[in-house]
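Work through the following exercises with the sequence and the model at hand. Try each task before reading its solution.

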Amino acid sequence: MFRILWRLIVAIFAFFVAAISGLIVLAYAGGSRLSANYRSDLEGEAGLIFNFIADIVGIFQFAVALGPALTLVPAVGLVIVGEVARIRSVIYYLLAGGAAFLAMPLLYETGDGISGSISTPFLLIFSAAGFVAGFFYWLIAGRGAGVLPNTD
């Protein structure tokens, strides 16, 4: 019983670490892409402080725009599959993380029922963030997937 409880605690902790690491990559990479627009507007202004402000505004704008699109359901489902099927492969968790993060903007719908259009670079950013999240999950919990007693 203690072993099952410990595995559940490790899996939940690993999931939160993976989600946070993926969201950090997602916010930074997406925000940096958006801040390029602000930098072009500030090109004639004096240097470093304006670029820093542009980065902060880009990251904040991206994080606010991405908030409603985030759903953890695909990621939770893939973690459960990995645990139940006792998959310990780093490749599975990398691809599953990428697919789960990629599903987020694709599953998102606006209030009027029209799917938001997301450009290819942003889809690449979402999948890269998912790869990072999948790697962190594998690093913490995925390597030991399936340590629960066999009920067969």
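Residues 24 or more positions apart account for 80% of the contacts in the chain with a separation of 6 or more, a contact being heavy atoms within 4.5 Å. This is a predicted model, in which local features need pLDDT of at least 70 and side-chain atom pairs count only at pLDDT 80 or more, while totals for chains, interfaces and linings use all residues. Residues are numbered from 1 along each chain as its sequence is written, and side-chain values use heavy atoms, with hydrogens and water left out.

**Exercise 1. Describe the chain as a whole.**

Step 1. List the elements. The chain has five helices and zero strands; helices (H or I, at least four residues) and strands (E, at least two) are DSSP runs, numbered from the N terminus.

Step 2. Look at burial. Of the 152 residues, 32% count as buried. Buried means under 20% relative accessible area, exposed over 50%, and partly exposed in between (1.4 Å probe, protein chains only).

**Exercise 2. Find which residues Phe 15 is in contact with, leaving aside its neighbours within four places in sequence.**

Step 1. Phe 15 belongs to helix 1 (residues 2–41), and with a relative accessible area of 13% it is buried.

Step 2. Name the partners. They are Leu 72, Ala 75, Val 76, Val 79 and Tyr 137.

Step 3. Take one of them, Val 79. Phe 15 and Val 79 are 64 residues apart in sequence, but their C-alpha atoms are 8.1 Å apart in space.

**Exercise 3. Decide where the buried residues of helix 3 lie around its axis.**

Step 1. Check the length. Helix 3 has twelve residues and reaches 16 Å from first to last C-alpha, close to the 16 Å expected at 1.5 Å a residue. The expected span is 1.5 Å times one less than the number of residues.

Step 2. List the buried residues. In helix 3 these are Pro 74, Ala 75, Val 79, Gly 82 and Glu 83.

Step 3. View helix 3 down its axis. The buried residues fall within an arc of 165 degrees, so they line one face of the helix; the arc is that of the directions from the helix axis to the C-beta atoms.

Step 4. Turn to the other side of helix 3, where Val 73 and Val 84 are exposed.

Step 5. Continue past the helix. Arg 86, in the loop between helix 3 (73–84) and helix 4 (90–107), has a positive phi of about 60 degrees although it is not a glycine. Most residues other than glycine have a negative phi.

**Exercise 4. Classify the ring pairs of Phe 135 with Phe 136 and with Trp 138.**

Step 1. State the rule. Rings of Phe, Tyr and Trp (its six-membered ring) pair if their centres lie within 6.5 Å; planes under 30 degrees apart count as stacked, over 60 as edge-to-face and the rest as tilted. By this rule the count comes to five aromatic pairs.

Step 2. Apply it to Phe 135 and Phe 136. At 6.2 Å centre to centre and 75 degrees between the planes, this pair is edge-to-face.

Step 3. Apply it to Phe 135 and Trp 138. At 5.9 Å and 35 degrees, this pair is tilted.

Step 4. Compare accessibility. Phe 135 is partly exposed at 34%, whereas Trp 138 is buried at 17%.
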